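This report goes through a structure from its ligand site to its sheets, cores and selected residues. The sequence and the coordinates are shown here.

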Amino acid sequence: MKPIRVGLLGLGTVGSGTFHVLRRNQEEIRRRAGRGIEIAAVADLDVARAQGIVGEGVKVVDDARQIIADPSIDIVVELIGGYGVAKALVLEAIAAGKHVVTANKALLAVHGTEIFEAAHRRGVTVAFEAAVAGGIPIIKAVREGLTANSIQWIAGIINGTTNFILSEMRDKGLDFDVVLKEAQRLGYAEADPTFDIEGVDAGHKITLLSSLAFGIPVQFDKAYVEGITKLGAQDIRYAEQLGYRIKLLGITKRVEKGIELRVHPSLVPTKRLIANVEGAMNAVVVQGDAVGTTLYYGKGAGSEPTASAVVADLVDITRLHTADAAHRVPHLAFQPDALSDLPVLPLADIATSYYLRLRVADQAGVLAKVTGLLAEAGISIDAVLQREADEVGGEGSTQTDLIILTHDTREGTLDAVLAQVQALPTVLAPIVRIRKEELA
Ligand code: HSE
């Protein structure tokens, strides 16, 4: 059988990785897929550079639409990124009857419903393994490997940049700004790192996982997203003293009233495997009712790790593209007419436990007053740590840090009590609150 023909839009880091992996492993890939997979054409604005990478045997153009219009192309790989031109090109490729492979989490988390519907109507597949956690086959695991399970929750370190920064902050006791500059110098963080450090990239990824796990439409607009920019080195230290590491987690959970969907820094017990995932690595924990806890670990970014996922999608499509469209694996794991309208809950309705740090006047009755207000609201305390005033503010200091770990409570209930606690004259600075996930 003649090889399946692929058109690659964008020959950057992941695009060139895809080209090299396909070429290097072409024989094994052919044996797995049942026919060869060849990159027949590439679109990139820098034609000369792209031609230098792929050699003279592959057609390179600067206009992606030439590839979409080429009837000999079976699969379009979109590696441009963003919501603008990438969205138009993906929809045009679908309309032209081509399967699409994309690593574009932002596009799918925001416009996934429209894109998957268009693909479903046209009988083509949009595959996106590379969009979440790079080389880790987490989409495949959730959508297919765990299909027997009622999934209860997913929690993941799904942004390598922020995990690298947090690891460095903990290892070296440095503040966020200092480590960010170093990460940029070393090439771990982008020149404009906003999407990573503000939690948006992780928000896109957990939105996709949430849909796959619970059969709900993609709803990034309902996700709560908080990054790591306000995290202080002292909270990382205190957490460590209490037996926790701080990680930026994407969390989605099925609860009685709906679905939790959130990204924020979280205290995780140091004894959990995921708490020990360091540097730019990614890891995802999935809890299913039948299988129990499963953990997936690997590189979440980079040229060939991400290409590994792109090529896996190419093989999947090659195997399946002659199959009846109605009987292929559904995009979001559940059949499109069987999606659920379970609501994504507002943050006030989530239930979790908390790390609270209060800068207080070091005088009698302060701790009692604070814990009294928490008790009145029915919030149970798990642990309290009070630092020596001298240690916190230097010799002769009259201020100290009071750290409280709570048991599970509704976020809305905690908000109300913290407003009262913040108003106490003995509470001297804005209260720091970090959510805590036991992941048990
Ligand atoms: N910028 C992402 C990260 C990789 O740092 O993990 C692509 O989503």
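An oxygen atom of the ligand lies 3.4 Å from an N or O atom in the side chain of Asn159. The model is a predicted one.

| Residue | Protein atom | Distance to a ligand oxygen atom |
|---|---|---|
| Asn159 | side-chain N or O | 3.4 Å |
| Gly160 | polar backbone atom | 2.7 Å |
| Lys205 | side-chain N or O | 2.8 Å |

The residues surrounding the ligand are Lys105, Asn159, Gly160, Thr161, Asp196, Asp201, Lys205 and Ala301.

Next come the strands. Strand S7 covers residues 151-157, and six of its seven residues are buried. S7 runs antiparallel to strand S11 (residues 281-288), and six bridges join the two. Within this pairing, Ile151 is opposite Gly288 of S11. S7 also pairs with strand S9 (residues 244-255), again in the antiparallel sense, over four bridges. Here Ile154 has Thr252 in S9 as its bridge partner.

An open sheet is built from six strands in the order S3-S2-S1-S4-S5-S6, with parallel pairing. Its edge strands are S3 (59-61) and S6 (126-127), each of which pairs on one side only. Two bridges connect strand S5 (residues 99-102) with S6 in the parallel sense. Val101 has Ala127 in S6 as its bridge partner. Helix H13 (residues 303-320) packs on this sheet and touches strand S1 (4-9), S2, strand S4 (75-78), S5 and S6. The direction of H13 makes about 160° with that of S5. Helix H3 (residues 47-54) lies across strand S2 (37-43) and S3, and runs at about 160° to S3.

In soluble globular proteins, nonpolar side chains tend to be buried together. The largest nonpolar core of this model has 81 residues, and Ile138 and Ile165 have the most contacts inside it. Helix H11 (residues 200-214) gives the most to this core, with eight residues. A second, separate core has 31 residues, including Val14, Phe19, Val60 and Val310. Not counting residues up to four places away in sequence, Ile138 touches Glu129, Val132, Ala133, Leu209, Val284, Val286 and Tyr296.

Which side chains make polar contacts with the side chain of Asp401? One is that of Tyr238, at 2.7 Å, and another is that of Arg359, also at 2.7 Å. Asp401 is found in strand S15 (residues 399-406). Its relative accessibility is 1%, so Asp401 counts as buried, the cut-off being under 20%. Leaving aside neighbours within four places in sequence, Asp401 is in contact with Tyr238, Arg357, Leu358, Arg359, Leu385, Gln386, Arg387 and Val392.

Is Ala233 buried or exposed? Ala233 is buried, because its relative accessible area of 8% is under 20%. Ala233 is placed in helix H12 (residues 233-241). Apart from neighbours within four places in sequence, Ala233 is in contact with Met169, Gly173, Leu174 and Asp175. The C-alpha atoms of Ala233 and Glu391 are separated by 15 Å, and these residues are 158 residues apart along the chain.

Conventions
Residues are numbered from 1 along each chain as its sequence is written. This is a predicted model: local features need pLDDT of at least 70, side-chain atom pairs count only at pLDDT 80 or more; totals for chains, interfaces and linings use all residues. Side-chain values use heavy atoms; hydrogens and water are left out. Buried means under 20% relative accessible area, exposed over 50%, partly exposed in between (1.4 Å probe, protein chains only). Contact means heavy atoms within 4.5 Å. Two strands pair if DSSP finds at least two bridges between them. Axes are lines fitted to C-alpha atoms, for helices over the stretch in contact, and angles run from 0 to 180 degrees between N-to-C directions. A nonpolar core is a set of buried Ala, Val, Leu, Ile, Met, Phe, Trp, Tyr and Cys residues joined through side-chain atoms within 4.5 Å. A residue is near a molecule or strand if one of its heavy atoms lies within 4 Å of it. A polar contact is a pair of N or O atoms within 3.5 Å; within protein, one must be able to donate a hydrogen and the other to accept it, and residues adjacent in sequence count only if both atoms are side-chain atoms.
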